[in-house]
Amino acid sequence: MLALSSAVERWIGVREATGAWCQRTATGVRGVWRRYLQLLGDRDLRRVKATDVEDLFLDSRSRSPEWANWRRFAVVGLFSWALRHGMIRRDPTVDVWPRLPETGEPVFRTLSREEEHALCRRLCAALVRYVVVAIATGLRRGTMYALDWSMVTADWVLAIPAGALKNRRPIRIPLNRRAIEALGRRRASGPLLPGLPDRSDINRLLQHAARRARLSSPHLVRTHQFRRTWVERFRDAGGTREECQLVQGWASSSVLLARYWPRVPEARAREILEQI
């Protein structure tokens with residue numbers, strides 16, 4: 001038996017000894033696992049299941065983006081290291097945070113229309129508007145909270161100024177019929193999405209609703225996945241990569257390719273290459 005706490009200390013010790021981690025990184029990882037050992041207990045490393053890992057990712061005290069990054073880094077890192085060194089036969093985080101077998105890169109979560117409707121049935125009216133507009137526009141969480149009725153033109157186009165966007169490039173996104181209906185078709189003044197909870201709580205509430213709706217991988221349901229959902233639906237509707245980049249105002253296509261645009265399946269690539 002290899003106790004979970006012993007495995008954590010061995011992993012951290014190796015990373016420190018090789019100079020791969022500074023003291024701040026080691027302290028951050030220890031802090032995450034100190035919390036998680038209280039939740040899981042100091043069990044055998046080989047007995048940690050995917051459901052245990054999912055419970056860790058859904059920990060209600062894990063609210064800040066910084067904690068979420070430490071959480072993923074600490075949990076996925078430990079089990080990846082243990083698998084490489086033969087301490088476990090299978091990495092339980094793969095079922096919770098799926099990764100491509102060829103490259104080890106994460107498989108990002110998107111929502112089908114059925115999942116979107118199931119999620120919305122578990123949300124209050126303010127959060128339903130948030131989800132519908134987020135999927136209709138593909139905007140980041142910070143921009144969603146900055147939206148104002150003054151940004152909506154007479155023909156229902158969101159004209160977002162540079163100051164409300166991460167890359168400081170103004171964009172114009174037409175609202176689709178579903179987003180207009182969610183907003184009530186009645187113009188007002190003030191915030192476009194009133195009644196939202198604190199920005200730091202929004203993803204936790206979405207994940208709680210996803211769990212109640214029995215969606216797969218509920219810990220991956222958050223605002224940024226709505227952005228990925230927008231890109232996927234834009235592509236499925238016939239939009240090109242260049243058009244997607246222009247609509248969202250990406251300065252470079254490299255970010256779109258690396259983080260959002262799905263890779264060409266091998267079978268499709270083979271079909272195209274056979275015609276060259």
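Mentor: Let's start with a term: a salt bridge is a side-chain nitrogen of Lys or Arg within 4 Å of a carboxyl oxygen of Asp or Glu. This is a predicted model, where local features need pLDDT of at least 70, side-chain atom pairs count only at pLDDT 80 or more, and totals for chains, interfaces and linings use all residues. Residues are numbered from 1 along each chain as its sequence is written, and side-chain values use heavy atoms, leaving out hydrogens and water.

Trainee: How many salt bridges does the structure hold?

Mentor: Side chains of opposite charge can pair when their charged atoms come close. Here the number of salt bridges is 10.

Trainee: Which residue forms a salt bridge with Asp52 at 3.8 Å?

Mentor: Asp52 also meets the side chain of Arg43 in a salt bridge, at 2.7 Å from N to O. For the pair with closest N and O atoms 3.8 Å apart, the partner of Asp52 is Lys49.

Trainee: Is Asp52 buried or exposed?

Mentor: Buried means under 20% relative accessible area, exposed over 50%, and partly exposed in between (1.4 Å probe, protein chains only). Arg43 is partly exposed at 25%, and Lys49 is partly exposed at 47%. Asp52 has a relative accessibility of 9%, so Asp52 counts as buried.

Trainee: What is the N to O distance in the salt bridge of Glu242 and Arg241?

Mentor: Glu242 is partly exposed, with a relative accessible area of 46%, and Arg241 is partly exposed at 31%. Their side chains meet in a salt bridge with an N to O distance of 3.9 Å.

Trainee: Which residues do salt bridges that share partners join into one network?

Mentor: Here we look at shared partners. The salt bridges link, in one network, Glu9, Glu16 and Arg30.
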